[in-house]
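Please keep the sequence and the coordinates at hand while reading.

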Amino acid sequence: MSECSMTQDLPEAKVPTMVSKFAILSQVGEPLNAELAASINYLTSHQLQEQVILETAMKYQTPSNCASLRVPTVNSSIWSYRGRDIKTGEVKLQRILSLLASGVTAFARSVDTSSLSEVQQDALALMCNAHFQINCFRKSAIRHVLNPKFAGLCLSTNVQPPNYLFGEEARSSKTSQRLWGY
C-alpha cells in the first residue's frame, strides 16, 4: 500500500486547543457533493481513454478572440537545437496545455458572463494562471541550453506571446545564432 493511500484513509485528528497554535493548518476545504467528489477523485486518479479525451477536447477549441489561450509552439530556430529527451517532454507539456485550454474554453462557454460568481471568477483565474505557469516551466526547461545573454527570455515575468514560446523575434536565423552563442 502506498504512503498516499495509507494517509488518505486516516481520519483527521482533532487538535487539542492548548497546542493548536503549533498545528499545521489543513489545506483542505469544505467537502463537495459526494457524487461530484467521487467523479473528481476518479478523473484525477485514472488514465482516461485517449480517443474520448481527444473527441471531448475537440469540442472546445480555443476561441478566436483568446490568443493567449493558444498553446505556443517552440520557435523552430530553438526546436532544431534541442535533444530528443527535451523534445519528448515538450510535446507532453504542449498536450497538457492543449487539454487545459480546452477545459478553460468549456468552462468559459458554460458560464453566464452577465452573472459570473466569485467562485467562477476564481476558477477561471486559477486555470488561466496554471496555463501561464506551464508555459513559464516550458521556458525554464530550455534555459540551460540558451546563450546566457538570452536567459532573460525565460523569465516568468515576461508576457506570454500567443504563437511562439519565445516570441516572434526569436524566429530569425540570425537571432537563433545569438541564442545559442554561435
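## Overall fold

Which pattern does the protein follow, read along the sequence? The pattern is α-α-α-α-α-α-α. The protein has seven helices and zero strands; helices (H or I, at least four residues) and strands (E, at least two) are DSSP runs, numbered from the N terminus.

This is a predicted model, in which local features need pLDDT of at least 70 and side-chain atom pairs count only at pLDDT 80 or more, while totals for chains, interfaces and linings use all residues. Residues are numbered from 1 along each chain as its sequence is written, and side-chain values use heavy atoms, with hydrogens and water left out.

Of the 182 residues in the protein, 22% are buried. Here buried means under 20% relative accessible area, exposed means over 50%, and partly exposed lies in between (1.4 Å probe, protein chains only). Among contacts (heavy atoms within 4.5 Å) between residues at least 6 apart in sequence, 68% join residues at least 24 apart.

## Packing of H5 and H6

Helix H5 (residues 84-110) and helix H6 (residues 118-143) have axes that come within 10 Å and cross at roughly 165°. H5 is therefore roughly antiparallel to H6. Axes are lines fitted to C-alpha atoms, for helices over the stretch in contact, and angles run from 0 to 180 degrees between N-to-C directions. Angles under 35 degrees count as roughly parallel, over 145 as roughly antiparallel, 65 to 115 as roughly perpendicular and the rest as oblique.

The crossing of H5 and H6 is left-handed, a term used if the near helix is turned anticlockwise from the far one by less than a right angle, with right-handed used if clockwise. On the H5 side, the contact is made by Glu90, Leu93, Gln94, Ile96, Leu97, Leu100, Ala101, Val104 and Phe107. On the H6 side, the contributors are Gln120, Ala123, Leu124, Met127, Cys128, Ala130, His131, Ile134, Asn135, Phe137 and Arg138. By class, this contact has 14 nonpolar, four polar and two charged residues. Ala, Val, Leu, Ile, Met, Phe, Trp, Tyr, Cys and Pro count as nonpolar, Asp, Glu, Lys and Arg as charged, and the others, Gly among them, as polar.

## Packing of H3 and H5

Helix H3 (residues 50-58) packs with H5 at an angle of about 50°, and the axes are 9 Å apart. That angle makes H3 oblique to H5. The crossing of these two helices is also left-handed. Glu50, Ile53 and Ala57 of H3 meet Arg95, Leu99 and Ser102 of H5. This contact holds three nonpolar, one polar and two charged residues.

Thr105 is located in helix H5 and is buried, at 1% relative accessible area. Residues up to four places away in sequence aside, Thr105 touches Tyr60, Gln61, Thr62, Pro63 and Leu69.

Phe107 is also found in helix H5. With residues up to four places away left out, Phe107 touches Gln120, Ala123, Leu124 and Met127. Phe107 and Ala123 are 16 residues apart in sequence, and their C-alpha atoms are 8.9 Å apart. His131 lies in helix H6 and is buried, at 4% relative accessibility. Beyond its neighbours within four places in sequence, His131 is in contact with Ser68, Leu69, Arg70, Leu97, Leu100 and Ala101.

Trp79 is in helix H4 (residues 76-79) and is partly exposed, with a relative accessible area of 26%. Not counting residues up to four places away in sequence, Trp79 touches Val74, Lys87, Glu90 and Val91. Trp79 and Glu90 are eleven residues apart in sequence and 9.8 Å apart from C-alpha to C-alpha.

Ser156 is in the loop between H6 and helix H7 (173-180). Ser156 is partly exposed, at 40% relative accessible area. Neighbours within four places in sequence aside, Ser156 is in contact with Phe132 and Cys136. Ser156 and Phe132 are 24 residues apart in sequence and 8.6 Å apart from C-alpha to C-alpha.

## Cysteines

How many disulfides are there? The count is zero, where a disulfide is a pair of cysteine sulfur atoms within 2.5 Å. The cysteine sulfur closest to that of Cys128 is in Cys66, and the distance of 8.2 Å is too far for a bond. Cys128 is partly exposed, at 34% relative accessibility, whereas Cys136 is buried, at 9%.
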